[in-house]
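Have the model open as you read.

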Amino acid sequence: MKYTYKLTEEIARWAFEIKCKESADWYISFTNPTAGPWKSMKGLDENGKEGEIYRFGADEERPDIVLINDKLKMVIIIEAKDSLPKLVSGEQAEKSVNVVSDISNMLKHCSSPFFGKERQSYPVYLGLLWGSETFDDKSVVENVQKTYYDLMQNYDGIDKSAIINISTLKRGENLECLLFVKNYNLENAFTFEKQMAESFGVRTLDLQ
Amino acid sequence: MFEKEFEIWADSFHEGQWCCDNIANVLSSKGFCISHSYRNGFQPYYVMSNAEVTLKFVVYGSYRSWNNRPEKINELIKFGKPDFVAYDAESDELIFAVEETAATTTGNQSLQRCERQYGSSRFKIPYWYLLSEYGIHSDGGVRRDSIWPIVAAIKLSVLNTTPCMVVHYSDENNLEDYSAGKGIGMLFNSVSQLLINYTCEKPLYADMQKIFREQYADMLKFLESQWANIVDFLPDLDMVKDSDTAEMITDFVLNKTEVNRDKIKNFLHWPCLSELPEEIQIKQKGNSLLKYDRLMECFENDVTAKKAYTLSGNAGSGQPCSTTQIKSYIKSQREKFDNTNLEPTAEFSIKLEDFPSTKNGNHHITTAKNIVYLYDRWVDLKESIEKAYPRLKGKFDFPDGMPVFVYVSNSLTLGRIFGDPFTGQLAAYSTAFGHFDKEKRIVLAYFPHQVHSQVSFGKRTNKGITLMTELTDMIIFHGGVAVNLSKGEVL
C-alpha cells in the first residue's frame, strides 16, 4: 500500500457501513460524515421509494449511524469512535445515550410515509462501534457496556435487552468488522447474535 | 488502449464514493463497463472501461486519516479541504477539485467554502463548486444563492486561465434537491470528459468548449437575475447580459485567446465612486452604528463624505449575543491581549457596557451593518485610521492614490476570524473587489473585537492564516494594532 492510514473514526465507521450496504436486509437511514446529501435521516415508503424522515437542526446532536432492518424488524442507533476508551471518555456516554433516546422517541411518533406505522413499533437498540488495532480486552469491553447499560436505565425509548457492538479491527492494512451482542434480557441470545452477524455478513467477536 | 489509475482524495469516504458513482453513471451511459469493489476491506475501487480506455479509481477518504499524503494534496488543503480531488500519482498531478454542499445557501453559507475555490484556482486546478440554487431558510421562506461565489469564480478563471466553475442543483419547485436542476449533470459530465482527455493524452480541455461555455453562460444568467437582490450596483452589466460573453470567457480561459484580453481582464471590476451611476452615488450615505466603534464611525462618515462607497443600503445585522457569552469572550480576549513590544502601547478596552442591549436582554455585537467599504484613495482611509487610532500615525507606506477594499468582521468568537465563514468570505471578496485586478485594490481587514496576539507568527498556522497572508495587505485588530501577515510585522 502506497499510503499508510490511522484507524480514525471515519475509517472504522466506513468499514462497517460497507457491510451494511452489502447486506440485503440493512438500510442506512443516516450516517454522519461532515455534510453532503447525507445530512438528513431517510427512509423507504411501502413502494421502496426513498424520502426524508427527519432533518437535524444545525446545532442538534447527531448519532453516527441509524440502521433499519425490516426483516429482523429492528432499528439500531450507533455511536462510533476510533477507540474503545473514547466511547466512555468524559461526558461521551451520557451524550450518546441521550441522542439514541431522543431519536428513538422521535421515530416512535414519526408520521412520515417514508418511515411508516409498522416501523414505529420496532425495538430500537443502542449500538457501539470502535476501531481497534489489537483484540479487545474483555474487561475493558465489559466496563464500557456497563457504563452504557447503567445510563440507559435513565432513558426511555431504547430497548434495554441488549447492546449491539461492532469492533473494526485493523490487521496489517486490512480491516475486518466483528460483531458482539451484549445480552441483558434477550429470549434467545445465541440465535439473536448469530442472526445479526449473518445479516451483516461479519464474524462474531470472541472476547479474550 | 489507454489506462490510468486515479486517486480520489476526499473529505470523507462518502464524498469519494459519491464522486466515483456519479462518474460511473456518466460513463456507463456512454457504453463503459463498470466494476466496483473495496480494497483492504474499506477503500472503494472502481474500474471503468471501453474498447479504448480504462479508468481506475481508488478512494482515499478523510484526508487526515492518511499519514503520507502526496505533497501536492498537502499544499492544496492548506487553503481548505475540497470535498474531493482527483490525483494522478504517476505524474504527480491534480486533475480537478470539487466542493459540494447540501447546506441551505442563505447568509454566508455559500461564501463559507470560497477559500477552497481560491486555493484550487491558485494552483491552476480546474474546480467546480456544486451548491443549491434554492433553499429553505429557518424562517420557512425560500432563498436563492448568493452572487459572490460566481463573481469570484469568473474572476479567478480569468486570472489563472483555469476553469473555476459554480454549478447549481435544485429549482424553484424542488428546493435543495440534488436531482433537480442541471448541476449534477454538468459537474460529472465535465469531470468525466476531463479524465478521459487526460488518460487519452489529449489536451485537457479537448472537446469541452461547449460544456464550459454553457456553464459560464448559466453563471452569467444567474448573476443577471440575482445581483439586484444583493447589491445596488453590478459593474459591466451590459457584458453580463451579452450572450457572447460566456464564449469570450471560455475562449480566454481554455485557449488563452488574446482578442478580447483587456475586456475580459477588466470584467467585473468595481470602479471608483465617481464612475458609479449617478443615482448610486447619490444614495451613498453613512448610517449610525448599532454598537459604537471609533473607526467604524469614521468609515460610515467617509461614505457620507463620498470618499468610500458600500454595496447595498439593505445590509442586515448579525445575531446578538447573551451577557454570559460576551463576558466570557471579553475574559478570553483580555487574557490573550499582549501589548509588550507595541510602540506606542495599545489599550485593551472591550467592555460589556459597550454592547447595547436588545429587547430580550441580549446584546448587539454589530457595529455598522456594512462589512465592505470601497475607498477610492488610501490617503482618505489612512486619515480615518489615524484619527481613530492615533498610535498608527505614520506607520503605513501604501501609495496615497491607491484604491482600497475594507473588510470588517464583528465576530465575537475566539479565533473564528481564521475559520468559517470569514475565511471563505474574505477569499471571495478579496478576489471580487480587486486584490488581483489590473487596477489593484489594497485589501485591509478590520476586526474591532479580536486581539492581534491570536496571530502567532510561524508557530501555528491554519487555512485562515494562510489565506489572510496571501489575500490581505493589512489587518487592524482591537486597540488599533495593525498586522501585516505577509511581512510578519506588528505595527
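Asp92(B) is partly exposed at 31% relative accessibility, where partly exposed lies between buried (under 20% relative accessible area) and exposed (over 50%), with a 1.4 Å probe and protein chains only. Its partner in a salt bridge is Lys72(B), at 3.7 Å from N to O; such a bridge needs a side-chain nitrogen of Lys or Arg within 4 Å of a carboxyl oxygen of Asp or Glu. Asp92(B) lies in the loop between E5 and strand E6 (93-100), while Lys72(B) belongs to helix H2 (residues 71-77), 20 residues apart. Helices (H or I, at least four residues) and strands (E, at least two) are DSSP runs, numbered from the N terminus. Lys72(B) is also partly exposed, at 37%.

## How the model is read

This is a predicted model, in which local features need pLDDT of at least 70 and side-chain atom pairs pLDDT 80 or more, while totals for chains, interfaces and linings use all residues. Residues are numbered from 1 along each chain, chains are lettered from A and ligands numbered from 1 in written order, and side-chain values use heavy atoms, without hydrogens and water.

## Two more bridges

Asp88(B) and Lys4(B) form a salt bridge, with their closest N and O atoms 3.3 Å apart. This one links strand E5 (residues 84-88) with strand E1 (residues 2-10), 84 residues apart. Asp88(B) is buried at 1%, and Lys4(B) is buried at 15%.

Asp420(B) meets Lys463(B) at 2.9 Å. Asp420(B) is partly exposed at 26%, whereas Lys463(B) counts as buried at 18%.
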